[in-house]
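This briefing concerns a single predicted model. Please consult the sequence and the structure shown here before turning to the points grouped by topic.

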Amino acid sequence: MSNPRLTALDATHRSLGATMTDFAGWDMPLRYGSERDEHTAVRTRAGLFDLSHMGEITVTGPQAVRALDYALVGNMSTIGVGRARYTMICQEDGGIVDDLIVYRLGEDEYMVVANAGNAQVVLDAITERAAGFEGVEVRDDRDAYALLAVQGPESPGILKSLTDADLDGLKYYAGLPGTVAGVPALIARTGYTGEDGFELFVAPADAEKLWQALTEAGKDAGLVPCGLSCRDTLRLEAGMPLYGHELTTALTPFDAGLGRVVKFEKEGDFVGRAALEAAAERAAARAPRKLVGLIAEGRRVPRAGFSVVADGQVVGEITSGAPSPTLGKPIAMAYVDAAHAAPGTSGVGVDIRGTHEPYEVVALPFYKRQK
């Protein structure tokens, strides 16, 4: 076992008394105190996250867009400079390798952000798939960036106090270069909590200075440092998928209810096209299992891998489950047979260590912020 990687903010987390955990080969803060308090702070005020474990891959060159259109399932040619897009990279058989955010930084420059646990696999796949496109460079930029995120309803005000960048003009799924607290940054608005917020890509050497500046600027607004634990409950309430749970190589985007990210109309071939066309036809012909929300009637918490049951039969499987601080009840996402997937379906339960606990089927997301 190799030693876990440390972010540029490792000493800061330890000075704050964070509980650290190994996550995808990185030593990351799980929580600083109460994960419920951290969760509530993001929903009502603001939270500050270190997300430097995410994997940044830069793709440049006159044919960069063609290379990415071939490597990924989305249509990269329609991303405007300064905008971002949620997409996926799939295997030849259509299985999901990872879900990604792609930023178009310039006319011929793109940054692909992969999940930490998949960053090397994604880097290798894009490098291999781009090899046939002349002049395209695929660069591993994981060590070039630290990534901080400010999330919550108070985050625009906090960030405005530290930058003259046009935050009001920065749309959801967009990014612009700017300076925050004197630190050069790519300022993005592509959060994973269900709240408004910003992601700040900066040089690792600037990470501590920026963290301290954000902490000071957010003090009166109730900003608190937040770990990975509350990030998981926040994204679960917002119905956002997590790779390794709702998304795996055993599922296509159509199986996951995310077929909209696959753009068959784009020019040229792309890896997995034939398999994904077949998956789209299957999904249209007969409804497969669907991803749904489940809310507990009791207090027992379901976990990934637990069976969803109805009439004594297994009809699905939990992919993510946790207590919901906002709803005050345990919640879960699960793939269930279409016959039991409609919101309000009765008689559905979760097998929790031999006991069938009753759950209500609901539409996702569990929580949607008021804009």
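Strand 17 (residues 313-324) and strand 18 form a hairpin with four residues between them, and Gly-328 in the turn has a positive phi of about 75 degrees. The model is predicted, with local features requiring pLDDT of at least 70 and side-chain atom pairs pLDDT 80 or more, while totals for chains, interfaces and linings use all residues. Residues are numbered from 1 along each chain as its sequence is written, and side-chain values rest on heavy atoms, without hydrogens and water.

- Helices (H or I, at least four residues) and strands (E, at least two) are DSSP runs numbered from the N terminus.
- Strand 18 (residues 329-336) is largely enclosed by the rest of the structure, because seven of its eight residues are buried (under 20% relative accessible area, with exposed over 50% and partly exposed in between; 1.4 Å probe, protein chains only).
- Strand 17 pairs with strand 18 in the antiparallel sense over eight bridges (pairing requires at least two DSSP bridges between two strands), and Pro-323 stands opposite Pro-330 of strand 18.
- Strand 15 (residues 290-296) also pairs with strand 18 in the antiparallel sense, over six bridges; Ile-331 in strand 18 is the bridge partner of Ile-295.

- Five strands in the order 6-7-8-5-9 make up an open sheet with antiparallel pairing.
- Strand 6 (84-90) and strand 9 (137-140) stand at its edges, each with a single partner strand, so one side of each is left without a neighbour in the sheet.
- Neighbouring strands of this sheet are turned by 30 degrees against each other on average, direction ignored (axes are lines fitted to C-alpha atoms; angles run from 0 to 180 degrees between N-to-C directions).
- Strand 7 (residues 96-106) and strand 8 (residues 109-114) pair in the antiparallel sense over five bridges, with Gly-106 opposite Glu-109 of strand 8.

**Helix 6**
- In helix 6 (residues 207-217), the buried residues are Ala-207, Leu-210, Trp-211, Ala-213 and Leu-214.
- These residues cover an arc of only 165 degrees around the axis, which puts them on the same side of helix 6 (the arc is that of the directions from the helix axis to the C-beta atoms).

**Gly-33**
- Gly-33 lies in the loop between strand 3 (26-31) and helix 2 (35-44), and counts as partly exposed at 47% relative accessibility.
- The C-alpha atoms of Gly-33 and Gly-17 are separated by 8.0 Å, the two residues being 16 residues apart along the chain.
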